[in-house]
Amino acid sequence: MTEQIFKSGFVSLIGRPNVGKSTLLNQMLGQKIAIMSDKAQTTRNKIQGVYTEERGQVVFIDTPGIHKPKHRLGDFMMKVVGTTFNEVDTILFLVDAKEGMGRGDEFIMERLQSVKTPVFLVVNKIDEVHPDELLPIIDKYRSKYDFAEIIPISALQGNNVETLKEQIFANLEEGPQYYPSDQITDHPERFLISEMIREKVLHLTRDEVPHSIAVDIEQIKLREDGETVYVSAVVVVERSSQKGIIIGKRGAMLKEIGQRAREDIQALLGSKVFLELFVKVEKDWRNKAKYLKEFGYRADEY
């Protein structure tokens, strides 16, 4: 009986903002590690998700949506994307079936022309278009780039995600197991907790507060009862008006953010959580190296 070969490798998820990269990553892993929002540029760091089964291990890298930088934080985010192109075994280029090809997609394909890594075209959100519309969409992308594979999916519904997974493994070679079987991300709990809080701010404040927020975890400790984890976090904004929106009337908005975030954090930690949130203003923090480093956006690492 032939022993099964263990395959492993790194797979990068790239695409315009809001095409569903984080949703696909969470669907692949069967657990939430990347925050999801319908606002552009939700993901700021390379989030590594680890999928392991008997035949092998895939390390997924969810990158920020590719866009034209408007500040130093934006520059950092695009450097993160650029470093992944030639460092992985497969690139998943996600596009939005409903929106069709845009200038941003063309910009990405132009950047991919010099890349030797196999690129899969992953046409997402097929549940939002009529099946008859799908083939013309695929043909348009195919005419612009020679993709190794083309897989239509719905990351949200899970449609065809297993097929995508099969194609990824087919493209991988024999390799080592990089992470323990029960590990699903290389990020520490502190980072995941901050992202969960940031997600709730984005969801609840909608267009009132742009992406000029960061979350700084000040303290995580087990309380004396031995059962409850105390988490203290600061939501950082750039303007006083944003602070007022996040706190809300009589603190109602901040309370709602805390309640929703606490549910996710409890699921992550598997224990009771007491979450205390504060809000402070750091004017123009996205253009200041001191704060970018303090909040974990260190461009020198890439």
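The structure is a predicted model, in which local features need pLDDT of at least 70, side-chain atom pairs count only at pLDDT 80 or more, and totals for chains, interfaces and linings use all residues. Residues are numbered from 1 along each chain as its sequence is written, and side-chain values use heavy atoms, with hydrogens and water left out.

Arg103 forms a salt bridge with Glu106 at 3.7 Å, N to O; the term denotes a side-chain nitrogen of Lys or Arg within 4 Å of a carboxyl oxygen of Asp or Glu. Both residues belong to helix 3, where they are 3 residues apart, about one turn of the helix. Helices (H or I, at least four residues) and strands (E, at least two) are DSSP runs numbered from the N terminus. Glu106 is partly exposed at 28%, a class lying between exposed and buried, the latter being under 20%.

By the stated criterion, 15 salt bridges are counted. One of them joins Glu99 to Arg16, with the closest N and O atoms 3.3 Å apart. This pair links distant parts of the chain, 83 residues apart: Glu99 lies in the loop between strand 4 (90-96) and helix 3 (103-112), and Arg16 in the loop between strand 1 (7-15) and helix 1 (21-29). Glu99 is exposed at 53%, whereas Arg16 is buried at 14%. Together with Asp105, Arg16 and Glu99 are linked in a network of salt bridges.

A further salt bridge, between Arg55 and Glu53, has an N to O distance of 2.4 Å. Arg55 is buried at 18% relative accessibility, while Glu53 is partly exposed at 24%.

Methods:
Buried < 20%, exposed > 50% of the residue type's maximum accessible area, 1.4 Å probe, protein only.
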